[in-house]
Structures are given as structure tokens and as C-alpha cells.
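The sequence and structure come before the details.

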Amino acid sequence: MRTKTINWLCLLLPLSAGLPAWADPAPAAARAPQLSAEQLSGAVKQALDEMGFQFDGYLRSGFYGSGNNLPKGQYQLGGDLQHYRLGNEGDTYIELGIGKKWMLGNGVSWGAYVMPTIYNGKTSASQVYGYISGLEFAPNLTLWAGQRYHRIQDIHILDNWLMQDGDNYGAGVDGIAVGQAKLNLSVSSSGSYANDNATLNNARRANFQLAGIATNPGGKLTLTGAAVSGDFAIGKPGAALGLLHNQKDFLAQGINNSLFLQASTGHASLSGQFYNLDSGGAAQAGARQSRIADVLDWQRGRFGGQAVLGWQTVSPDNAAKYRDASVGGRLSYGVAANVKLLSEIGLTSRDTDNQPSQRLNKATLAVAFAPNTDFWTRPELRVYASHYNWNHAAAQANLTTFAANGRTHANTFGVQLEAWW
């Protein structure tokens, strides 16, 4: 019986080619060309762009474990260059960027953007602002007001944006042409959506960012600066200057290098934000700071990674000077179509005047699953195990966090998903 049925179908199929569309036995979905996930994502993004919608975000979360009720992550001595994050986060963080742009005619447009965040259950917002652009007297400029940050560049494996001008209430203008470079200018108060500062308007800040200065083949320079003033309970006004040089194909094709040189004083941070504005005690004062960091990242075949070497000094206005050193990196190697092996090592230290030197080291091994084997590919689901050890001086300085009871080592493990879009 089955053979006869198949034979009858073979006779009927050629006839179906002449049937009208409404009588076609094949559903429309079966006749439509099949799109890959990447093509579908691109089509959706293009459709949203054409309607003026913006949707982006970041997510990390998972199962985190540790022995003896120790912290599940955040093992670091406290410096800006010291949080080697793979297998060392132990938290949940989500940010959603949602925006809409309206075209008003004659090239003029305006828009609004909001970025709510959730960190370990605490809700806030990093950005809430509006903007207008395409004005006849300044067709290439964007004027904005609200709470906004300009993030220039981070060191991903340290989870730290070394250059950004901060998320406070303010206003500014973007896109001023300076040769082939672009200049952004802004002014800010110390208030923010999260109301972190006890006295919201006791400080003011002016920032500039000049990006895209061509220096050599494959090389570009970025300059940043900040000036902070106000009525401070403790500490002094301050200023910050920063230089970033990015070099493509450094030493070999596929290797990129980033060199940061930064300095700041008073209540200005190295990144260009406010520094220690709250009047919560003598420790919350200004400081003279300097930083040098060099970062390599690469992808050559299945082998990718990022490495960093950094040095930072902090001289508080009313406390001992300290120096932080950091060297480490994360390696990624593709072993199958959707499988990567990851390893990360971080060696960190803090030397404080007239105190013993602190040392903390970490090592992590992980298996990661992703759409492909490139270092930067996300989403990435990792199964990891981490080991940390530190000396007695670090234990004494961190008795209330990871070194309770004078412990000098710890292990963590977990499964984490990280994604951005």
C-alpha cells in the first residue's frame, strides 16, 4: 500500500506546478527562502533602524559557588587594574539600552535614550537623556542634555572603562570637527539618577574628548580632559588629562595595541569622572593619581586573547601613598566549531608607604560554548574553576571580605553566561 501511495504522489506532483497559488499544496513558508540566524538578526536590526528604534544591552549571570562560605567572586586588592574578571565575578548584572529617534524634516531629528540597570537585584539607570541634531546652523553636531556617559575604551578582562566622562546630570555637544578628528564637550553637576552623592550639586565638571587623531599608518590618538570645581567638605578641586594611542596590526597582522597614559588631581578621577565627592569621612578626599597601562588583543586563527601590563599610583590628600601593579591575560583557543578553552592568569600587588606589600594572584580555567571560536564572540556560556592565593599582608588588609580569619587562599567554580547586543 505504501508503494502505491508514493507512485500516485509522483504522478500528482508534476501537475501541481500548474495549479493556482491558492491550490498549491506546499505552504508559503516552505517556499520562502530560509534565512540564517545572522541574516535574520541583521534584517531585524535594519528594520528597527529604519523606524528610529535603538535596542542594545549587556547581561551576565549564572550559578556561582565557593568553598567554606567564602565570597563567590570579587577577589582583588581594590585597584582599577586588579579585577581579573573571568571566574571572578559571582554576580548578576543587566543593562538595557532603549532609544527612539524622530525625524522632524529638513534634516532635523531628535531622540531619547534610557539605560535601566539591575545589579544583584538593585535597580538603577546609567543613562537617561535626550538629544537634537541636524540644526541648520550646526548640521553635523548633536546637542544633548540629561544623564549620559561617553565611554571611549575599556580593558575587557579587567571590567574597567579607563576612559569615560561619567554618568551625571549634564549637557553637551558632540561631533565638532577638528581636522579629521571629532571633539565632544560637556558640563556636568554631581547629581545622578542614583543620587549617590549626599550633596547633589556641590560639584561641577567640564570634559572634553578629542578622538580620531591620525598619527601613523594604523595608529590613532585620543585625548581627554576634565576640570572639577565646587564647594568640598574635604579635598580640593582637580583636573585630569588622558592620552590613548591605538595601533592596529602591532608587530604582526591581527594584533592590536592600546597604550593609556593618564594623570589627575583633587576630586577628578583618572577616567575623567568625579572622584570621592561624598563627605563621609577623612578617607573621602581628593588625590594625585597617575596611570600607565598597555593592552594587547589579538585573534589569529583559533587563538585569541587579551593581555595587560599596568602601573598606577595614588597619593591621597590625607593618607599614605600607594602603588598598584598588574600583569596578566586571558587566552582563548577554539577546539571545535562552538567550543573554546579559556585560561586567565592575573598577578597583582599593592605597595603602601610604611606598610608590608600586598600580593594577590588568581588563575582560572574554563570551557566556553559560543557561536564561533573568536575571543570576542558572544553570547558565551562558560563552565569554570578559579584559584586565588594571597600573602599575609593582603589577608590583614581584607579581613572583612575574602580573607576572613586570616585565610590566604580560596577556590570558586560556576557556570556563567555573558552576552551583549
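Which helix and strands each supply at least two residues of the lining of the second largest pocket? They are α3 (37–50), β1 (53–66) and β2 (93–105).

## Basis

This is a predicted model, in which local features need pLDDT of at least 70, side-chain atom pairs count only at pLDDT 80 or more, and totals for chains, interfaces and linings use all residues. Residues are numbered from 1 along each chain as its sequence is written, and side-chain values use heavy atoms, with hydrogens and water left out.

Helices (H or I, at least four residues) and strands (E, at least two) are DSSP runs, numbered from the N terminus.

## Second largest pocket

A pocket here is an open set of points on a 1 Å grid over the protein atoms alone, where a 1.4 Å probe fits, with protein on both sides within 12 Å along at least five of seven lines; lining residues have an atom within 4 Å of a point. The second largest pocket holds about 360 Å³, a volume being the space filled by probe spheres set on the points. Its lining has 16 residues, of which Lys45, Leu48, Asp49, Gln54 and Phe55 are the closest to the centre.

Helix α3 gives the largest share of this lining, six residues. By class, the lining has six nonpolar, five polar and five charged residues.

Strands pair if DSSP finds at least two bridges between them. Strands β8 (residues 168–178) and β9 (residues 181–189) run antiparallel, joined by seven bridges; Gly170 stands opposite Ser188 in β9. The two strands form a hairpin with two residues between them, and Gly179 in the turn has a positive phi of about 65°.

β9 is also joined to β10 (residues 203–216), antiparallel, by eight bridges. Here Ser186 has Asn207 in β10 as its bridge partner.

Technical notes:
Nonpolar A, V, L, I, M, F, W, Y, C, P; charged D, E, K, R; others polar.
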